[in-house]
Amino acid sequence: MKDKQQKPIWIQNISQLVTLASDKKGPRVREEMRELAIIEGGSVWLEDGVIQDLGTTREMILKYLPRAEEAEIVDATGKIVTPGLIDPHTHVVFGGSREHEFEMRLEGASYMDIMNAGGGIHATTRKMRSLTEEHIFNQTTRRLDLFLQHGVTTLESKSGYGLDLENELKQLRVMQRLQNKHPMDIVPTFMGAHAVPEEYRENPEHFVNLVINEMIPAVVEEKLAKFIDVFCEVDVFTPEQAERILLAGKARGLIPKIHADEIEENQGAHVAARVGAISAEHLLKVSDEGIEELAKSGVIACLLPATALYLGEKPARARAIIDAGVPVAISTDCNPGSSPTISLPLVMNLACITMKMTPAESLCAATYNAACALQIEDYVGSIEIGKQADLVLWDVHNHQKLHYIFGVNHVKKVWKKGVKVVG
């Protein structure tokens, strides 16, 4: 994607250069999530796909004026620049849609009612199995384009709509192709244990063994995933089953994540702590004891406020989770049923409005902490010299306004690895 002859990019007169730079390693907790390391009147120089230098515009002019003619100069007066947003939990690779379920929920059906009646994940699985890899690739490409337009430059993508060996591999191979062909960086997660497929409804243990003995080895052999995830939920996978699957994946080099305590409290947070998961996702119904376990074990809480809103559920208790010392990331949970959105900026608004996070905490959760939830913070998630040049120029004059005005796309330009991909 990168052209070696591309001109350097010099962004000047930035109202706020929101760097999120810090000497601290690992995810930010408590008050650290509010420390954005903002440079007022900032400037940044991008070259060869990397952030080469940054400072105030005054400082940068003194250093780089002799090279000004060789650079593309961007005047960011009245605007802010942040790291590219990172979405650490999506199901973006899917086929079809489930808009009819939206009406069912409005009429009183619950998420699990729809799923147990053959809808939900099962409906998308049937669609996924019927579609070609090429169709899924093309449909997902359009979604990734929209993510870029909303400031997201890296995202995690889960399988879990195949629920058999052939179609789980098909989903993961689409992710691999997209990583090679689309500007977006895609971090793949194997989630064959997203649901017990309809053909194994009477024998879920047989399916658990299939995931452990056939799917995980095949995924690892093809090097198709970095993480492994399980939906630990009542009427889906028990805590014991989830732990077995995650430990089997971990034994083969996959890093555990877990869908935990979303619909009901089901010991998901405790499983996350026991297996050493990098993150626990959802946590709408997590107990106080579960929060304590996450804090003690250093598990990142990945919170999904758009999903709670869409399902009509109370949001996760972000304030209690943050105050307990658990690092928090936020995500769209982009999927065809419970959160059909690609707007991480909207999720950042919802994190403030429904979960009472501050704008600074929300921005940290969608950049640096999100990078930590994917173990990629060494090269993305903050604006620091030597990191990948993934930046967003927003048409607002301070970061609070980015969260204050919701339902509007404030993205002006996006650079991915130093290449302008939006604007």
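Author: A cavity is a set of grid points where a 1.4 Å probe fits but cannot get out. The model discussed here is predicted.

Reader: What is the volume of the largest cavity?

Author: When the whole structure is searched, two cavities of 30 Å³ or more are found. For the largest cavity, the volume comes to about 100 Å³.

Reader: Which residues that line the largest cavity are the closest to its centre?

Author: The lining of the largest cavity is made up of 13 residues, and by class these divide into four nonpolar, six polar and three charged. The residues of this lining that are closest to the centre are His91, Tyr111, His194, Asn335 and Ser338.

Reader: Is His194 buried or exposed?

Author: His194 lies in the loop between β8 (185-193) and α7 (204-221), and beyond four places in sequence the residues it touches include His91, Ile121, Tyr161, Phe231 and Phe237. Its relative accessible area is 3%. Because a residue under 20% relative accessible area is classed in this way, His194 counts as buried.

Reader: Which residue has the backbone oxygen that the side chain of His194 reaches?

Author: Among the residues that His194 touches beyond four places in sequence are Ser159, Gly160 and Leu163. The side chain of His194 comes to 3.0 Å from a backbone oxygen, and the residue that holds this oxygen is Gly160.

Reader: What is the relative accessibility of Glu262?

Author: Glu262 has its place in the loop between β10 (255-260) and α9 (268-275). Leaving aside neighbours within four places in sequence, Glu262 is in contact with Phe231, Glu233, His282, Leu284, Lys285, Thr307 and Leu311. Glu262 counts as buried because the limit for this class is under 20%, and its relative accessibility is 3%.

Reader: Which residue has the backbone nitrogen that the side chain of Thr57 reaches?

Author: Thr57 is found in helix α1 (residues 57-64), where it is buried, with a relative accessible area of 7%. Beyond four places in sequence, Thr57 touches Gln12, Asn13, Ile14, Gly41, Gly42 and Ser43. Its side chain reaches a backbone nitrogen at 2.9 Å, and that nitrogen belongs to Asn13.

Notes. Residues numbered from 1 in each chain as written. Predicted model: local features only at pLDDT ≥ 70, side-chain atom pairs only at ≥ 80, totals over all residues. Heavy atoms only, no water. Helix = DSSP H or I, 4+ residues; strand = E, 2+ residues; numbered from the N terminus. Buried < 20%, exposed > 50% of the residue type's maximum accessible area, 1.4 Å probe, protein only. Polar contact = N/O pair within 3.5 Å; in protein donor to acceptor, adjacent residues only side chain to side chain. Contact = heavy atoms within 4.5 Å. 1 Å grid on protein atoms, 1.4 Å probe; cavity = no way out; pocket = protein on both sides within 12 Å on 5 of 7 lines; lining within 4 Å. Points joined across faces, edges and corners; volume = space filled by probe spheres on them. Nonpolar A, V, L, I, M, F, W, Y, C, P; charged D, E, K, R; others polar.
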